[in-house]
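Work through the following exercises with the sequence and the coordinates at hand. Each task is followed by a worked solution.

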Amino acid sequence: MEVSSVSFAGRLAQTKKGNTYEKTNTGKRIGTVVGLLGGGAFTASGLGALTAALLASRVAKGNKIIAATYGIMAAFVAAATLIGRGLGAIPDAIINHSRKSKADNKNAVDTQA
């Protein structure tokens, strides 16, 4: 009996040898959501807002400080989202590599028999 990993929205893809396997993007999706929520929570916290305001005061002058603060906070959220997506892509790559290998090996065994 073989246990396979969970796939919420897998799609079929082909290996270089033309064999099909189920490609996963679950890690990227989860990482994106976690990064978005984490970045939003950080900027909503006092520390994130204070950091953004201090950076904005060094960059902008006069009335532009508030706009710069919001821009920096948005950059924090975007950076955290991209970092989360990148970290989520790591397990996806490992799982997809394993699935490609299994598909190619299974087909090689089937053609030899």
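**Exercise 1.** What span should the 19 residues of helix α1 have at 1.5 Å a residue, and how far apart are its end C-alpha atoms?

Solution. The model is a predicted one. Helix α1 covers residues 26-44. The expected span is 1.5 Å times one less than the number of residues. For the 19 residues of α1 this gives 27 Å. The end C-alpha atoms of α1 are 27 Å apart, so the two values agree.

**Exercise 2.** Give the order of the elements, then describe how the strands pair.

Solution. The protein has three helices and two strands. Starting at the N terminus, their order is β-β-α-α-α. Strand β1 takes residues 11-14 and strand β2 residues 20-23. The two pair in the antiparallel sense, over four bridges. Within this pairing, Leu12 stands opposite Glu22 of β2. Five residues lie between the strands of the hairpin, where Gly18 takes a positive phi near 95°.

**Exercise 3.** Which residues of α1 are buried? Relate their positions to the helical repeat.

Solution. Buried means under 20% relative accessible area. In α1, the buried residues are Thr26, Gly27, Gly31, Gly35, Gly39 and Thr43. An α-helix has 3.6 residues a turn, so residues three or four places apart point the same way. Now take Gly31 from the list and look for a contact elsewhere in the chain. The C-alpha atoms of Gly31 and Gly84 are separated by 4.3 Å, although the two residues are 53 apart along the chain. Gly84 lies in helix α3. Its relative accessible area is 11%, so Gly84 is buried.

**Exercise 4.** Is Ile94 buried or exposed? Find the patch it belongs to.

Solution. Ile94 is in helix α3, residues 64-112. The cut-off for exposed is over 50% relative accessible area. Ile94 has 58%, so Ile94 counts as exposed. Together with Ile83, Leu87 and Ile90, Ile94 forms a nonpolar patch on the surface. The accessible area of these residues together is about 430 Å².

**Exercise 5.** Which residues make up the largest nonpolar core, and which element gives the most to it?

Solution. The core has six residues: Ala52, Ala56, Ala60, Ala68, Ile72 and Met73. Helix α3 gives the most, with three residues. For the protein as a whole, 26% of the 113 residues count as buried.

Notes:
Residues numbered from 1 in each chain as written. Predicted model: local features only at pLDDT ≥ 70, side-chain atom pairs only at ≥ 80, totals over all residues. Heavy atoms only, no water. Pairing = 2+ DSSP bridges. Buried < 20%, exposed > 50% of the residue type's maximum accessible area, 1.4 Å probe, protein only. Patch = residues over 30% accessible without salt bridge, like charges linked within 9 Å, V, L, I, M, F, W, Y side chains within 5 Å. Areas by Shrake-Rupley, 256 points an atom, 1.4 Å probe, with all protein chains shown as cover. Salt bridge = Lys/Arg side-chain N within 4 Å of Asp/Glu carboxyl O. Core = buried A, V, L, I, M, F, W, Y, C linked by side-chain atoms within 4.5 Å.
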